[in-house]
Amino acid sequence: MSSRTTTWGAGASSPGWFAIGLLLRPLQLGLAFPSVIYLAAMAVFLFRPPDLDFYHADRIALGVLVFVVALRSLALRERIPFVAGLSLPMLGLVVLAVLRALREPFDVQTWSLVASKFVVPFVLLHVTILVFRDANARMHFEIFVILALAYLVFTAVAFLADARSLIFPRFILDESLGIHADRARGPFLQAVANGMSLNILGILAIALAQKHRRVVLLLWLVLPLAVLATMTRAVWISFAVSTVALGFRLGAPHLRRACLGLALGGLVFGLAIGFTDNSVANSLRDRTAERGPVEARMAVYDAAWGMFQERPLIGWTAAGMYSELARRMQGYRLRSFYVHNTYLSLLIEFGIPGLVLYGILFFNLFRLGRTGTAADESPPIFALRKAWPILLCVYLFNAFFVDMAYQFVIGLMFTVAGMLCSSEEAPS
């Protein structure tokens, strides 16, 4: 018996076992700190642009995250989270999306959109409930929010100042990729997605900030410039309104004054730039007065509404939807034919059942904003719950002007929703 024990001990210290231990160390760290793996996956979502041949990076990141969290949950014997008001309508949308995609099973782009719009948020909501249950995990999320906001603000301001050498990654400047190359579009390659991310991250930073308030204040002073650089009117409106609403919603007098001052300061600064004579001012004036995109978008809405009226219950296949939309808009020479409205897109894709499920989902999401007393929850979660209706309104308002398929933005929203659900299950 003693010789066997000695042999096993010697084998455990051999180079082979040492190599196996090194290989398993990342898994050990992932099991100990699942929030770090989660935020690493979110970073991949942030930097994986839609038009680069790097399609599988986000799926690999999501797969690793699910594997680590599932293994940890099995070890701890945690039950699979289920929030009926959110899980059921999201599952219904996933089923509708998969059934629609199965009509054209070999269309890679269709499956990618199904994953981004429905599968990924469904998975992230439930994974978040398991991951962000303690203060340390939420602190990791706070740091991620501040770093992501700092990066996007820096990139947008560098674009506004025409300091192109400071913009990274370089594909952001590639005019052959994505759209809105003349605006601050960030790694999303789309100005609205960048503006929404700036707005949402800014609200989250204010709500969550505990130990990094000075950094957040500095970022908020520069944030109006970054939002201005997106050259997107819907983003400007949602940022101005949400900033004022945030000051009143969170209740602190100094924060209310700061938010009001920031909104007014941004307005004054924008007007000041508008009265000068430089390239930025000219771009702002052109963007404000531009009518062509509005007319084209109204035509898209009219064509999309006609398509919905033809198939109000079953919707259109993916290929049939875009080809039919292009056929109905033969007088317009557009780079691509999209609906540019999340709600109309749902009606065309899934008919009335899809929009009903979406409405039920967001009705129940709004209910997460109900606040009790501050003593019932930690201060960051209490502030986050108060800011939650504003976040949802920013999301839903911008959804009128784009088809919401931005994986990072959607993932961010459902991460916060999962944190609020997790707090309800196990307040800390």
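**Reading the labels**

Visitor: Why does L189 count as buried?

Guide: In this predicted model, L189 has a relative accessibility of 2%. The word buried is used under 20%, so L189 counts as buried.

Visitor: Where is L189 found?

Guide: L189 sits in the loop between α7 and α8. Its phi is near 60°, a positive value in a residue other than glycine.

Visitor: How do you know that the peptide bond from F168 to P169 is cis?

Guide: The omega of the bond from F168 to P169 is near 0°, and the bond is cis. Most peptide bonds are trans. P169 belongs to the loop between α7 (135-160) and α8 (191-208).

Visitor: What makes L228 count as buried?

Guide: The relative accessibility of L228 is 12%. The limit is under 20%, so L228 counts as buried. L228 is part of helix α9 (residues 213-229). From L228 to A156 there are 72 residues in sequence and 8.8 Å in space, C-alpha to C-alpha.

Visitor: Why is α3 called roughly antiparallel to α6?

Guide: The axes of α3 (residues 34-47) and α6 (residues 108-131) cross at roughly 155° and come within 10 Å. Angles over 145 degrees count as roughly antiparallel, so that is how α3 runs relative to α6. The crossing of α3 past α6 is left-handed.

Visitor: Which residues make the contact of α3 with α6?

Guide: On α3 they are P34, S35, Y38, M42 and F45, and on α6 they are V120, L124, V127, T128 and V131. Eight of these contact residues are nonpolar, two are polar and none is charged.

Visitor: What makes α5 roughly antiparallel to α16?

Guide: Helix α5 (residues 84-101) packs against helix α16 (residues 352-366) at an angle of about 155°, with the axes 9 Å apart. The label applies over 145 degrees, so α5 is roughly antiparallel to α16. α5 passes α16 in a left-handed crossing.

Visitor: Which residues of α5 and α16 make the contact?

Guide: From α5 come G85, L86, P89, M90, G92, L93 and L96, and from α16 come P353, G354, L357, Y358, I360, L361, N364 and L365. The contact of α5 with α16 has 11 nonpolar residues, four polar and no charged.

Key: Residues are numbered from 1 along each chain as its sequence is written. This is a predicted model: local features need pLDDT of at least 70, side-chain atom pairs count only at pLDDT 80 or more; totals for chains, interfaces and linings use all residues. Side-chain values use heavy atoms; hydrogens and water are left out. Axes are lines fitted to C-alpha atoms, for helices over the stretch in contact, and angles run from 0 to 180 degrees between N-to-C directions. Helices (H or I, at least four residues) and strands (E, at least two) are DSSP runs, numbered from the N terminus. Angles under 35 degrees count as roughly parallel, over 145 as roughly antiparallel, 65 to 115 as roughly perpendicular and the rest as oblique. A crossing is left-handed if the near helix is turned anticlockwise from the far one by less than a right angle, and right-handed if clockwise. Contact means heavy atoms within 4.5 Å. Ala, Val, Leu, Ile, Met, Phe, Trp, Tyr, Cys and Pro count as nonpolar, Asp, Glu, Lys and Arg as charged, and the others, Gly among them, as polar. Buried means under 20% relative accessible area, exposed over 50%, partly exposed in between (1.4 Å probe, protein chains only).
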